Every structure is written in structure tokens, then in C-alpha cells.
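User: I am new to protein structures, and I would like a close look at the disulfides in this one. Could you walk me through them?

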Amino acid sequence: MRSIPALALLSTLLAPPAFAGDGVLEINQACAVLTGCFPGDAAGFPVTINGNAGRSYRLTGDLIVPNASTTGIEISSDDVGIDLNNFSIRGPAVCSGTPLTCTPIGVGVGISAGLQTGISVRDGAVRGMGSYGVLLGGQAQVSGVRARSNGLSGIYVGVGSTVIGNAAYQNGGDGISSIDGSVISGNTAYLNRFIGIFAANGATVSGNSAYRNGTHGIGAGAGATVSEEFDLPEPRQRDPIRASGAIVVGNSTRFNTGFGLNLGTQSGYRENAISSNFAGTVTGTSFVNLGNNICNGSIACP
């Protein structure tokens, strides 16, 4: 068996930051811990992206944070893209039981950019973080992300965002949570502690599956309590004050502890399959049944 001399190994680990042929900056465990991955990022977690080195980043290996209060990647600039490249950002938290509990919990976030605009994250896993898996601001794009066993919500985005084709499993808050004017489509949310998928004013929620979540399957056009804002440490169940104007189309909600759908004022729903949710099929205030829904095997929906 060939061995690598210690000096050669050290030289490899301390090599300058890698740039892919397409100009994308690379992130991996070795550079994150030992050297910093690019100009502006110091050695140690979190990997810090201030935008000066570039706008496009790609994982070339898993990132493993040492504890539940450490963040994996922190972004302080607008319009940054992260390609997880089918790798994962991992922390130590494990979520299990009924009701779901997560330990250890802390303030660590997988990818944190709650005050930034125009961040995109795609194609990989974020799991075991002490708080949020992915926490982004407005006009975010999240696709192809598997968020599981995070202490709070798996994926949380701000106003005017798109969240498409993700999976949120056994997170300690909502599976997927978004603020006004967002599009939430083609996702799966199951066994999360609170709502499977939550969207506020003017959202479009389509083609999702919400299964066995701890409160409602899908909450759309329904207001969040102040404790779901970015600077507060723990999510709470939704209060009765409802937002308005969401459209909910073609979703499946089944075996959730609350209602299948929780809809706000002037929201409408159609072509949904709502079955065997423990609190009932649809709840809310002044919503509209737009037709072709199935509630527990019947077309007689609220």
C-alpha cells in the first residue's frame, strides 16, 4: 500500500483556495477548518461569504459542524448562489419521538442568510443543525434540498421566494415555512413537529405532499406569530390572526395531527386530496372552495 508523506499531506491540506474551471468557488471541510476557503473567509466555521470573492459557490465535500450552536455557511451579501452538489451540511441534532423533540438544540444554522436578498440554494442535504436547516431572506430560491432533523424549521424563506422540489423530514419546527408572495411547489413535508408547509399572504402552494405533521398539513394565507421572525430562537404554533389571498392547488395532505388545510381570508383551494387528518379537512376564515377537491373520499368539502 502506498502512503502519502506527512509533508505532502500537509501541503495538500494547506493548498490555496480552489476555483472550478467555470469560475465557481469551492467549499469543503479541509479549507473550512484549516485555511479558509477563499478571500474573506477565515479558517473555522462558519464559512463566511461576503460576496467579494464571487457570487457562485459549490460544495466539493460534506461540511460537518462540531456542535449544535455552530453555523455551517453564513452569507452577508445579496445575490449569492450555493450548489450543494449532492453533498451535505451536517450537525449533531437528532429529532425523534411523539411529540417530536430534537437534541441537542442550539443556534447553529446550516445556511444562514436571513437578512439577505436573492440567495439560491440547491441540490443537497442539510441535517442535524441546532436551529434552522436553511434560513434565507426575500427573493430566495431553494430547490432539490433535503432538510431533516434540524432543531427548528427545515427551510425558512422570506418574501417573494420560490421553494420547489424539496423534502423536509422530522424537523423541530415547520417543515417548510415562507413569507408573503412566495411560490411553494412540488415539495414533500412529513413528520415535522408543527405545520408541514406554511405560506403567508398571496402565496401559491401547488403539487405538494404533507404527511403526518404535528399540526396542520398545509397552512396558506394564515398568519405567523411574531416568534417565527428571524431573530427569535424558537417557533410557536400559529395564532388565530389570519393573512389572506393564497391559492392552494393540487396538494395531498394526509394523517396530519391538525387539519389538512388551514386557509386565510380570501384564499382559495382546488383539486386537493385531503384525507384522514385528525382535526378535520379544512379550517379557516372566509376561504373559497374552487372545486374538484376530495375530502376523506368525498367531493363534499367545506
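Analyst: C31 and C37 are both buried, where buried means under 20% relative accessible area, with a 1.4 Å probe and protein chains only. These two cysteines are joined by a disulfide, with an S to S distance of 2.0 Å; the term stands for a pair of cysteine sulfur atoms within 2.5 Å. The link of C31 and C37 is right-handed, with 85° about the S-S bond.

A word on the source: this is a predicted model, in which local features need pLDDT of at least 70 and side-chain atom pairs count only at pLDDT 80 or more, while totals for chains, interfaces and linings use all residues. Residues are numbered from 1 along each chain as its sequence is written, and side-chain values use heavy atoms, leaving out hydrogens and water.

Now let's follow the chain to the other links. The sulfur atoms of C95 and C102 lie 2.1 Å apart in a disulfide. The torsion about their S-S bond is about 110°, so this disulfide is right-handed. C95 is buried, as is C102.

Next come C295 and C301, which form a disulfide with their sulfur atoms 2.2 Å apart. Here the torsion about the S-S bond is about 120°, so the disulfide of C295 and C301 is right-handed. Both of these cysteines are buried.

To put the picture together, a search of the whole structure finds three disulfides. If you number the bonded cysteines of the chain in sequence order, they pair as 1-2, 3-4, 5-6.

Key
Buried < 20%, exposed > 50% of the residue type's maximum accessible area, 1.4 Å probe, protein only.
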